[in-house]
Amino acid sequence: MTQAVAQRRGSYIDRPSPSSLADVVELILDKGLVIDAYVRVSLVGIELLTIDARIVIASVDTYLRFAEATNRLDLYEHGGKDLGELTQSLTEGGSRGKTKGALDGAKDKVGELLHGSDDDSDDSDDDGEGGGSSSSSSSRRSRARQSSSRRRSRTEDDDG
Amino acid sequence: MSPVDSDVASTLACYVFGIVDADAELPRSATDAGELDGADFGSATRLVRNGRVAAVVAAPPADRPLGRAADLLAHDRVLATLAATTAVLPMRFGTVLPDEDAVVEELLAARHDELVQQLDRIRDRLQFTVKARYEEDAVLREIMATHPEITRLRERSAAGFDDQLRLGEAVVGALTQLREQEAPAIVSELGPHDGAVERAPGSPEELLNVALLIPATDVDRFVARVERLGEQHAGRIRIRLVGPSPAYDFVETD
């Protein structure tokens, strides 16, 4: 019977044959008969994985992806802006909502990115003359820490 | 299977693929399937019978945990091979019981009547999963044409992170609205079925992800309907059809 409905070429639909790994994963995870608590415990990690995939819709990353897709479409339709216009609008963006000039606003933005909200991170590790590069890498590290701890707390929430 | 073989096998841990009728026969290919692609589910699949039901089992690998891609594919392949010829209730991936006695006591005997009922429900039926996604460019153009506020946001969005975020959120919101309007109509265009389970979308451009239980005698007509739907919406909605597969979404888990 499986053979009777095997893939047809040149059709209007995608009909994977055999099923891709992604299709199989989606098909079988979270599904099927369960023997009481026994399996639930052994598969906790896998269940979390599938829940994560559903959370992703309402995330900053998703919003940014669609903003970018929408902007790209706009550029395509109107022939695109040139580089000068783009940088101009970016610097204007940096100063928006502030009383300072455009360049100061942009400098603040860069400063925030490199040093975090304030300079206290520099005081905590004065083991050398690393200067800007070391503090920027430490703030990068702390951002990485933040995001991994955020992920951790999310899985804890799911667990409960 | 000789008496000696079955004595040894009965004391080994059992990976349980699924439940079939006690008088079902393992197709030759299902016996081989457990060993394909390095999945090495130990010895070939065999049946453990009790009353009117039987479990399809194999020895799990002794030296490593399950969970590789090949293991997932083997689990699906064994069940798919069975489903082509007999009613089968999939077990959840990763189900292992200590020995054949436990398979009988904890599963086949303990839940005998329920398993019989569940087998009857899916007998002579196959699962198909229909996934529909919007074609990104087409749907974004459409959304901009129908949502002036998004067009305004887009014009401002080069201004910074917050505006980008607002633009993205508005686009995702519009997609959600569109999906909620359109999905029910598409489900009904898929025609008659013996059960439907809709899954939450995994991304904003996903319009529909629905598992349908289709009578085996209706499969050709169903596939033709999906084809027509794909043709109708070509260029705007992309349709993916997965199946026939075992009735994963139509077993009761609790």
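Modeller: Two strands are taken to pair if DSSP finds at least two bridges between them. Please note also that this is a predicted model.

Biologist: What is the order of the strands in the open sheet of four strands in chain B?

Modeller: Strands of a sheet pair through backbone hydrogen bonds, either parallel or antiparallel. In this open sheet of chain B the pairing is antiparallel. The twist averages 20° from one strand to the next. Read across the sheet, the four strands follow the order E7-E8-E6-E9.

Biologist: Which strands of chain B stand at the edges of that sheet?

Modeller: A strand at the edge has a single partner strand, so one side of it is left without a neighbour in the sheet. In chain B this applies to residues 196–198 and to residues 237–245. The strands at the edges are therefore E7 and E9.

Biologist: Which residue is the bridge partner of B:Arg133 in E9(B)?

Modeller: Strand E6 of chain B covers residues 125–134. E6 and E9(B) pair in the antiparallel sense over seven bridges. In E9(B), the partner of B:Arg133 is B:Arg238.

Biologist: In the hairpin of E2(B) and E3(B), which residue takes a positive phi?

Modeller: Strand E2 (residues 46–50) and strand E3 (residues 53–58) of chain B are joined in antiparallel pairing by five bridges. B:Asn50 stands opposite B:Val53 in E3(B). The hairpin has two residues between the strands. The residue with a positive phi, near 60°, is B:Gly51.

Biologist: Within what arc do the buried residues of H4(B) fall?

Modeller: A residue is counted as buried if 20 or more other C-beta atoms lie within 10 Å of its own. In H4(B) the buried residues are B:Glu100, B:Val103, B:Leu107 and B:Leu108. Seen down the axis of H4(B), these residues line one face of the helix, because they fall within an arc of 80°.

Biologist: How many residues of chain A are in contact with chain B?

Modeller: On the side of chain B that touches chain A, the elements that give two or more residues include helix H3 (69–83), helix H8 (161–189) and E9. The residues of that side divide into 31 nonpolar, 13 polar and 14 charged. In all, 58 residues of chain B take part, and the number in contact with them from chain A is 46.

Biologist: What percentage of the residues in chain B are buried?

Modeller: Chain B has nine helices and nine strands. Among its contacts with a separation of 6 or more, 74% join residues 24 or more positions apart. Of the 254 residues in chain B, the buried share is 44%.

How values were computed: Residues numbered from 1 in each chain as written. Chains lettered and ligands numbered in written order. Predicted model: local features only at pLDDT ≥ 70, side-chain atom pairs only at ≥ 80, totals over all residues. Axes fitted to C-alpha atoms, helices over the stretch in contact; angles between N-to-C directions. Contact = placed C-beta atoms within 7 Å. Nonpolar A, V, L, I, M, F, W, Y, C, P; charged D, E, K, R; others polar. Buried ≥ 20, exposed ≤ 12 C-beta atoms within 10 Å, placed from the backbone. Arc of directions from axis to C-beta.
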